[in-house]
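Here is my note on this model, point by point. Please read it with the coordinates open.

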Amino acid sequence: MSRLEQALKDYLRIRRSLGFQLRLPASLLKNFVAFLRAAGASYITTELALRWATQPTPAQAATWAGRLGMVRRFATWLRASEPRTEIPPAGLLQHRYRRKTPHIYSDAEIGRLLCCTQRLRSRKGLRPHTFTTLFALLAVTGMRVNEALGLDRPDVDLDLGILRIRRTKFGKSRHVPIHRSTVDALKEYVEGRDRLFAAPLTPAFFISEDGRRITDWKARYIFAKLSQQIGLRASVKGHGRGPRLHDMRHRFAACTLVRWYRAGLDVERELPKLATYLGHVHVNHTYWYLEAVPELLQLATDRLIEREVRP
């Protein structure tokens, strides 16, 4: 193992001990260290860091800046033990972060997606059942994809109707209550899953046909290909661009807020409930939907005007 590889191993171990998961940074930094090794470099230079960060030529500037930022943090830590390390200057790759406008799925779109999911090819019959249940759960709970895939069997209490989300984004854990109809759907999935895998190979709740935990990448890939089939994404080579699986979460949040406005509730008072349910660290993260979804912005504006004209 080279000095850089050992240094990266130590860096990841220390940061993970502080609560960071670093799934993507770990993978990319390992690739960066391999890039340095192939270039014959024994320490980090700004020129090599910049060349590596901009390797994916078709990528957006934000992707390049994000890759360089990962190297910069690693280099800052490494400089203490390797004085030759060059730390790429902040702002070297300029970009302006723009949060993607969410796609708010209609009921019809969700229906077409789930019908298509039920027709997935399967050797054992479990694959369509797994992904139909997974996508439906994301739609009705607003969970993050990795939260659902990270569920273990003890985390799913179908007697109480509660899902336990353990240490996901920001290191937070929470309990998510689910509707009776969702409990029934999960019970049906459990029955079919356990008929095939009476002796599970993994504690994961959602499993593939080989009995193992489904990866985040696999779920997104299946979703993207199905979205192409039903016209949500362009039918081009690869995944294409268009609505994302994460937009299920946006749909849940937006629909909840619209329902509250139409019911005449005090949305500002209710927002902390939604923020807690979704696992947002700050209520401001939930406020974002008021600006991102035109119908919500109009409802909020109408509510404000109504308050101002009251005698």
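1. Arg-84 is partly exposed, at 42% relative accessibility (buried is under 20% relative accessible area, exposed is over 50%, partly exposed lies in between; 1.4 Å probe, protein chains only). Its salt-bridge partner is Glu-82, with the closest N and O atoms 3.1 Å apart. Glu-82 is buried, with a relative accessible area of 9%. A salt bridge here is a side-chain nitrogen of Lys or Arg within 4 Å of a carboxyl oxygen of Asp or Glu.

2. A word on the basis. This is a predicted model, in which local features need pLDDT of at least 70 and side-chain atom pairs count only at pLDDT 80 or more, while totals for chains, interfaces and linings use all residues. Residues are numbered from 1 along each chain as its sequence is written, and side-chain values use heavy atoms, with hydrogens and water left out.

3. How many salt bridges does the rule give? The count comes to 18. One of them joins Glu-5 and Arg-37, at 2.6 Å from N to O. Glu-5 sits in helix α1 (residues 3-17) and Arg-37 in helix α2 (residues 23-38), so this pair ties together parts 32 residues apart in sequence. Helices are DSSP runs (H or I, at least four residues), numbered from the N terminus. Glu-5 is partly exposed, at 28% relative accessibility.

4. Is the pair Glu-147 and Arg-144 buried or exposed? Glu-147 is buried, with a relative accessible area of 2%. Arg-144 is buried too, at 8% relative accessibility. The closest N and O atoms of their salt bridge are 2.6 Å apart.

5. Look also at the salt-bridge network. It links Asp-152, Asp-155, Arg-164, Arg-166 and Arg-213.

6. Now the helix pair. The axes of α3 (residues 46-53) and α4 (residues 61-78) come within 8 Å and cross at roughly 140 degrees. That makes α3 oblique to α4 (under 35 degrees is roughly parallel, over 145 roughly antiparallel, 65 to 115 roughly perpendicular, the rest oblique). Axes are lines fitted to C-alpha atoms over the stretch in contact, and angles run from 0 to 180 degrees between N-to-C directions.

7. Which residues make this contact? From α3 they are Ala-49, Leu-50, Trp-52 and Ala-53; from α4, Trp-64, Arg-67, Leu-68 and Val-71. Contact means heavy atoms within 4.5 Å. By class, there are seven nonpolar, no polar and one charged residues (Ala, Val, Leu, Ile, Met, Phe, Trp, Tyr, Cys and Pro count as nonpolar; Asp, Glu, Lys and Arg as charged; the others, Gly among them, as polar).

Notes: Helices (H or I, at least four residues) and strands (E, at least two) are DSSP runs, numbered from the N terminus.
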